[in-house]
Amino acid sequence: MTKWLEENTPKLVLAPSFIAVLIFVYGFIAWTAWVSFTRSRLLPRYDIEGLIQYERLFASPRWDTALNNLFVFGILFIVIAMVLGLVLAILLDQNIRTEGAIRTIYLYPMALSMIVTGTAWKWILNPGLGVEAMVRGWGFENFTFDWLVNPDMAIYTIVIAAIWQSSGFVMALFLAGLRSVDGEIIKAAQVDGIPTWRIYTAIIIPSMAPIFLSAFIVLSHLAIKSFDLVIALTGGGPGYATDLPATYMYAMAFSRGDIGQAASSAMIMMMVVFAIVVPYLYSELRSKDD
Amino acid sequence: MTDISMTSQQRQSQTGKIVLRWLLYIALGLFALFYLLPLFVMITTSLKSLDEIRTGDLIALPRDVTFDAWRTAWSGACTGIQCEGVRPYFWNSILIAIPAVAISTLLGAMNGYVVAQWKFRGANIIFSLMLFGCFIPFQVVLLPMARTLGIMGIAGTIPGLIFVHVIYGLGFTTLFFRNYYVSIPAELTKAAKVDGAGFFRIFWSIFLPLSLPIVVVTVIWQFTQIWNDFLFGVSFSQAGTQPVTVALNNIVNSTTGVKEYNVDMAAAIIAALPTLFVYVVAGKYFIRGLTAGSVKG
Amino acid sequence: MKSVFFGAVSATALIASAVHAEPQAEVLHWWTSGGEAKSVAVLQEEFASKGGTWTDMPVAGGGGDAAMTALRARVLSGNAPTAVQLKGPAIQEWYEEGVLADISSVAEAQNWADVLPASIAGHMKCEGSWCAAPVNVHRVDWIWANADVLEANGIEMPTTWDEFNAAAEKLEAAGVIPLAHGGQAWQDATVFEAVALGILGPDGFRKAFVDLDMDTLKSDEMKAVFDQMRTMRGYVDDNFSGRDWNLATAMVMNGEAAFQIMGDWAKGEFMAAGKVPGEDFLCASVPGDGFLYNVDSFAMFDVDGDDKKAGQELLAELIVGPNFQKVFNLNKGSIPARTDVSLEEFDSCAHLSAKDMSESSDNDSLLPSYAHGMALRGAQSGAITDVVTAHFNSDMSSEEAVNMLADAVANSM
């Protein structure tokens, strides 16, 4: 009995979390899938009606925009935030005397609720109030920065604000990674006369592959969840030019009382995300564990 | 402990080094400005009177500095028929965030330890499944979760909110610890096992002491997520258990009322103070070479 | 207990009927900011003075979206609030889900049918029984103007859209922004429905936005509405995207802009800045006949417990009571839903609103606002707003917009 217990301790430790995830993630996804085949409006109903919600979804030009925006926003946001986070972490890793203060400055945006910070960003990005007006005030009359009010460019303002909010946390992740790299290896490389940048690209960064995975997952999670940001900054506008699947889904489920439609959009969104994420995770985990 | 930038290139010219150093500080400073810009706008706005905001430039320095907005935000702004500011809601948020962060971090550490160091058949699949859970949009789980909480009898209560936050934080906390522990050589566990140490003993006396940087990262992430959560807070609370984000939202979001931007901004900064505090305190513990040093020894 | 309030007799009667239970109410609402919150506090005080215990559950945001999210979660978890701020067809939608309580006994005892305009009373009924209590009437189709700017440019309040366009051209030439507007979907929709009311007329408006008549939605008049929207887009400054409505109001106050089309909550902004109606700023209905209303109301949810039921009855009675109707609406900028409240203390804009309401009620042009969720279910009004805001924020032609409108409405069914 004790032996059995000893052998199976790891499984027993993992079991409660695993069961919780099975129910509260996969069970709820199954629930959503079911509801997406119904005509649920204000509250969920369970009579299956077929693919009507998916037909409606794909007939909606607003959903097209939202899905497109997810790609544009998701890719730019993840790539830029990751690169910026890594660069900042490396810069901060150079024995900076004021590291504590700078680190907090880079991190603090995560602390602020976007409900209000969105308003500040809205003013900064507004051509009549913020950066454009300020630079023009310095004498550069032709300076233009009107992305916020331009339907084709507004999505990029969301990218800027999102990077502002999350790159600091990515930096923290990388910083923790940098600080766990074995100092002996670095010392040895230095003794061999390998230049610093080579030490980073050839030794340190490759050894942080698991941190990249964490950063990627955190950022994709934030990209999918980017909801407060859009609501506070553009409200999905101009028009619905900056709508994202999350805002679309929320609008359908909670302001329009169209839960069936919301469920179908959620399903498509999750499929898209899984189609991108699963291969990446698969290759990451496989190469690590062989 | 090693320092790569200072000890290596000793033969490089002193001037080149100083120039590089300056460039480095300038770059860091410029980034700091970018990050600080919105905070600057928020603080200056919070120090203005409403009349000044209504007439003046939104992004100018205040003409007359007043702290009234801060006082109002803390203890006088209306969040409904009660006008007591964000103060009464702070306690709810603390009661939710601290247990939820502690439980999810501990569970994450144990899970990560199992997945990284005690691999059994299927452990990887289990880990992958938990990871994909990070990608579920929270809007999706609201309604079935509401039903579940109702059945469990903890709808609208603080334990209910803790439960929800722990569940949806597990994927991340497990991920963070797993990715940190995976880079610790498996020989360490093996050697300890040979010495007769068991599962918990190894975790407690070898892995936990190595984990400070990643505990810091995890706590920062979880605390921020839970403290700033609005969606769960608004859906799974009732009168008396609403967290501070709901109060903040009530102060800020009025559809047809007069908007007091100065109070909004002050309230937002006040609501963020605990997270900022965690960043300042926890940030100190990103200690270089902690793992490397101990593994070596 | 001696009460200073109206309706004391029947209130005591009601309490007597539920004598064993202290009235209890948990009230979910989104009136959280200064003036609005103080207005609700009046109700809470009355409720308390009648022995009731009020538990406040405020959730602001998105014009009630966040509150509706919380409401769904509460209902599904089997823990519905006692009373909920709900409005328009959403009341009937919730009724169809089988979760609303019947408050006919209060409504009949208080003769609601006699004191409420018929079209507003219609919103408060679910299959013949009363299921909600109205709080106020906001008029949506207002046009606000800076009096000095108009005078300096020799402009009268426009009474047709052509006059409006002529005035706007003149203002533009004088370097004033003709129309202050915030580019948020609901604000676009507010302007759109004001224009539509003027161009389609009350009957056309009803056909289009209440009956969703496809022929009207695709008609040439509807194209003319979109044409006028395109023209109006030219009168708005370049930085309007995402601007909050109150900042647009501030532009009118400062003389930076001349007009704003917005519901009567805009009056509160002017008043808060110490401006006087008729002197500093002017209010008028938008060009055309009719009256678009946005009525806030409370619905009672089906709950267990005599104390809560007593709370619901008392609450319903107080909400429609003349005292609360007066005090609340003085604070909020709207007018009372019941027509027998003295308007002595109200300002001139409110008088105009009340007069137009009773006239339009008589000639059948008292219409629900589609943009504020009074005319249609969420899915349909949302679909229309999507098209309106997409058209206003792009260079889409009116022809295209009309076709998209018909498609979107059909797809939302």
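## A look at chains A, B and C

Where chain A meets chain B, the contact draws on 85 residues from chain A and 88 residues from chain B. This is a predicted model, so keep that in mind as you look around. On the side of chain A that touches chain B, the biggest giver is helix α1 (residues 2-36) of chain A, which supplies 16 residues. What kinds of residues make up that side of chain A?

| Class on the side of chain A that touches chain B | Residues |
|---|---|
| nonpolar | 56 residues |
| polar | 18 residues |

Now for chain B itself. Its make-up is 15 helices and zero strands. The chain has 297 residues, and 54% of them are buried. Look at the contacts in chain B between residues at least 6 apart in sequence, and you'll find that 76% of them join residues at least 24 apart.

Over in chain C, let's pick out one residue, Trp31(C). You'll find Trp31(C) in the loop between β1 (24-29) and α2 (34-49) of chain C. Is Trp31(C) buried or exposed? Trp31(C) counts as buried because it has 30 C-beta neighbours inside 10 Å, and the cut-off for buried is 20 or more. Which residues does Trp31(C) touch, once its neighbours within four places in sequence are left aside? They are Glu36(C), Ala37(C), Ser39(C) and Val40(C), and each of these numbers falls in the range given for α2 (34-49) of chain C. As for Ala410(C), 379 residues away along the chain, its C-alpha atom is separated from that of Trp31(C) by 34 Å.

Definitions and conventions: Residues numbered from 1 in each chain as written. Chains lettered and ligands numbered in written order. Predicted model: local features only at pLDDT ≥ 70, side-chain atom pairs only at ≥ 80, totals over all residues. Contact = placed C-beta atoms within 7 Å. Helix = DSSP H or I, 4+ residues; strand = E, 2+ residues; numbered from the N terminus. Nonpolar A, V, L, I, M, F, W, Y, C, P; charged D, E, K, R; others polar. Buried ≥ 20, exposed ≤ 12 C-beta atoms within 10 Å, placed from the backbone.
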